[in-house]
Amino acid sequence: MIHAFIDPLVIETVTRLCESEIPKYQGEDYYNTIPRSLFTAMCDAGLGGLSIPEEYGGIAASATTSAAVFETISRYDVGPAIFLSVHTMVSGIISRHGSEEQKQIYLPKLASGELLAAFALTEPHAGSDTAAITTEAHLIPDGFSLNGNKCYITSAGFADIYLTFAKTEDDSTSGLSGFIVPATTPGLSWGKPEKKMGAELSPIASIFFDNATLPKNALIGALHGGRKVALSGLAGGRVNIAACANGLSRAAIEDSIAYMRERHQFGKSLVDFQGLQFMLADMHTKIAAAQLLTEKAAHDLDILANGDTTVNTKLSSSTAKCFATDAAMAITTDAVQLFGGAGYIKDYTVERYMRDAKMLQIVEGTNQIQRLIIAREIIE
Ligand SMILES: Cc1cc2nc3c(=O)[nH]c(=O)nc-3n(C[C@H](O)[C@H](O)[C@H](O)COP(=O)(O)OP(=O)(O)OC[C@H]3O[C@@H](n4cnc5c(N)ncnc54)[C@H](O)[C@@H]3O)c2cc1C
């Protein structure tokens with residue numbers, strides 16, 4: 001990645017943090033949990049406040065610096081990068097759309113790590129098709145009553161607040177509203193963490209609303225304005241997922257070269273076989289292109305934040321997400337091949353990278369949905 005707009009101090013801090021903290025939690029004892037001590041260590045390094053203005057205790061990192069942070073964490077483990085990415089997206093949404101009261105209540109605690117945030121949009125019958133959401137919020141005298149359920153929610157059961165989207169109009173698919181739902185809300189509960197293919201340090205679970213009662217000030221943004229609130233977080237989220245993919249790709253390439261130097265067959269080191277060198281060259285070409293697209297998308301978000309509205313961040317973030325995560329899938333699959341039988345064994349790292357890359361093609365809008373967005377944007 002070209003580090004032109006990246007704060008090198010932040011990246012140095014993140015690298016040290018990952019090297020000292022993440023290995024402590026990469027064992028079965030921690031599968032499908034969020035170790036609070038890991039999240040606290042991340043926030044002590046300032047990472048809880050990446051998208052939070054300094055006046056509320058954050059570090060207000062540029063999108064470019066944030067992308068470099070997510071690439072660095074994912075080089076070590078994609079799990080913490082994913083739950084932090086969701087936390088960062090929610091914090092950014094509250095920073096942009098929250099009332100002054102909401103900002104005062106939540107942002108300092110999200111930055112310090114006292115609160116962990118989750119984003120609850122997906123439902124059993126509303127994944128890619130978010131217009132099919134059926135979770136409903138009804139106006140009651142003192143606020144709202146929520147009924148319905150969400151699934152595959154990152155950090156469910158571990159988060160302290162859930163930014164939840166629910167229908168607030170009976171006859172219109174566009175009548176969505178966003179609510180900040182504290183974990184202590186009466187009528188809110190969650191299921192067991194799902195058993196999933198990878199990302200062991202980033203649990204997902206269903207959450208349930210059974211007449212969950214919220215005060216009026218839980219509403220974020222305008223009533224029925226939830227779609228705008230939700231969408232405002234997605235471009236940044238997609239750039240961060242692209243960056244996570246680049247971290248995985250980097251890990252796969254670096255580990256492959258190290259293994260190939262050591263492993264000898266037919267009297268030669270694996271790195272000396274030209275057929276395998278060509279595979280490495282293709283892996284490098286893909287990650288180099290992915291990093292440039294990610295950097296362009298992050299740069300677009302930064303210049304939009306500085307008032308230049310001519311950039312199409314929807315197009316650049318979907319392009320980066322789609323390309324970088326597809327590249328990570330291809331690169332990590334090739335890494336397993338380069339390791340031979342060892343690549344299929346859990347004692348080596350590359351099978352984990354391959355499982356984690358699959359997730360990145362699905363989250364934050366599947367890559368089919370990214371292609372729909374890209375096509376729509378370039379045709380229009
Ligand atoms: C690890 C993980 C973490 C997640 N974290 C969160 C979270 O924190 N919050 C949250 O709200 N959600 C979360 N999700 C849910 C995720 O956003 C959805 O899984 C994703 O949006 C896809 O929805 P779906 O699973 O219902 O698949 P579907 O929408 O049912 O899609 C199935 C297949 O059909 C394709 N498809 C669907 N519609 C079209 C179309 N119009 N054209 C072409 N192809 C199409 C899809 O690309 C996919 O290949 C998470 C999921 C996972 C796996």
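I count two residues as in contact if their C-beta atoms, placed from the backbone, lie within 7 Å.

Ground rules first. I am working with a predicted model, where local features need pLDDT of at least 70, side-chain atom pairs count only at pLDDT 80 or more, and totals for chains, interfaces and linings use all residues. Residues are numbered from 1 along each chain as its sequence is written.

**Domains.** I looked up the division of the protein and found domain 1 (8-116), domain 2 (118-226) and domain 3 (234-379), with bounds from an automatic or database domain assignment. I then turned to domains 1 and 3, where 18 residues of domain 1 are in contact with 19 residues of domain 3. On the domain 1 side, α3 (63-76) and α4 (78-97) each supply at least two residues; helices here are DSSP runs (H or I, at least four residues), numbered from the N terminus. I see the largest share, 10 residues, coming from α3. My tally for that side of domain 1 is 8 nonpolar, 8 polar and 2 charged (Ala, Val, Leu, Ile, Met, Phe, Trp, Tyr, Cys and Pro count as nonpolar, Asp, Glu, Lys and Arg as charged, the others, Gly among them, as polar).

**Helix packing.** I followed α3 to helix α6 (residues 226-262): they pack at about 40°, with axes 7 Å apart. The axes are lines fitted to C-alpha atoms over the stretch in contact, and angles run from 0 to 180 degrees between N-to-C directions. That angle makes α3 oblique to α6 (under 35 degrees is roughly parallel, over 145 roughly antiparallel, 65 to 115 roughly perpendicular, the rest oblique). Among the contact residues I noted F70 and R75 of α3, and L248 and R250 of α6.
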